[in-house]
Amino acid sequence: MTPAVPWPSHERELAAALAGEGYFADEGLCTAIHLALRLGRPLLLEGEPGVGKTEVAAVLSRVTGLELIRLQCFEGLDSGQALYEWDYPKQLLHVRVAESRGEDVGDLYREEFLLRRPLLRAVRAERGAVLLIDEIDRADSEFEAFLLEFLGDFQITIPELGTVRAGTPPIVVLTSNRTRELHDALKRRCLYHWIAFPEPDRERTILRAAIPGLEEQAADGLVQAVGRVRRLPLLKRPGIAESVEWARGALALAEGGSPWPVALRRALGLLIKDEEDTRLLLAHAEELFGGA
């Protein structure tokens with residue numbers, strides 16, 4: 001399958017396009033995105049929360065100019081909520097109006113009575129779309145079976161209407177926090193990539209781009225502190241989003257007169273979201289923030 005839109009022919013051009021939208025991907029992720037687009041394959045991204053999996057779909061939408069369609073997965077999600085549903089109240093109203101006028105009811109299973117959910121919207125998008133299937137591991141394992149036809153052929157079978165195929169294949173990004181193992185059948189239909197926490201140089205670049213006015217020395221201290229925090233046995237290690245918010249908070253406090261080590265400790269609630277993790281960090285505060 002050909003890509004929905006013209007795309008950079010080399011990973012370096014892709015990296016530049018993503019960076020232009022504020023997303024600084026490493027070589028491995030750029031290659032994965034490039035191949036997924038060139039081969040027309042869904043891209044399955046796994047990694048710890050906060051490493052930028054969901055943002056991949058958002059930045060692809062901005063770069064391509066295609067609509068971003070999001071399917072947020074949760075326990076109990078069924079095919080009707082993801083694929084399509086029939087608008088029963090509208091059908092019933094149509095029946096009553098037809099009967100009151102003495103007219104033939106006609107076919108109740110046609111397009112005007114069809115509610116398009118995210119997957120069908122992606123298939124029907126004329127220009128193509130970027131479809132984000134977010135946190136697929138939160139859905140029941142049975143739900144994955146509903147996705148196989150769509151992920152394999154970008155089509156949906158509606159018994160009353162037949163098979164609906166995508167004229168322009170959507171760009172599909174699936175994310176998983178790996179709270180459970182995904183089925184092999186789903187993985188086979190995707191190009192897989194694990195997103196790790198960024199190396200220090202890239203995280204500094206992210207911080208400097210996200211927070212104008214952050215001095216290089218402050219960015220270095222923040223990145224070093226975040227790296228030390230992530231090496232602790234925490235229940236939830238902070239992701240990139242948390243480190244950016246922590247930097248914003250610490251910078252605001254530092255501009256108000258707090259020294260950086262003090263500002264980092266005072267803004268800790270932007271980095272850590274668990275009481276046990278907070279106590280652990282405070283117990284190691286001097287070694288974590290003393291040299292910041």
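Analyst: Happy to! Let's begin with Trp86, which is buried, as its relative accessible area is 6%; buried means under 20%, exposed over 50% and partly exposed in between, using a 1.4 Å probe and protein chains only. Please keep in mind that this is a predicted model, where local features need pLDDT of at least 70, side-chain atom pairs count only at pLDDT 80 or more, and totals for chains, interfaces and linings use all residues. Residues are numbered from 1 along each chain as its sequence is written, and side-chain values use heavy atoms, with hydrogens and water left out.

Rings of Phe, Tyr and Trp (its six-membered ring) count as a pair if their centres lie within 6.5 Å; planes under 30 degrees apart are stacked, over 60 edge-to-face, and the rest tilted. That rule gives three aromatic pairs. Trp86 sits in strand E3, while Tyr109 is in the loop between helix H5 (88–101) and strand E4 (114–116), so the pair links parts 23 residues apart in sequence. Helices (H or I, at least four residues) and strands (E, at least two) are DSSP runs numbered from the N terminus. Tyr109 is partly exposed, at 33% relative accessible area.

Another pair joins Phe143 and Phe146: their ring centres are 6.3 Å apart and their planes stand at 50 degrees, so this pair is tilted. Both residues belong to helix H7, three residues apart, or about one turn of the helix. Phe143 is buried at 2% relative accessible area, whereas Phe146 is partly exposed at 42%.
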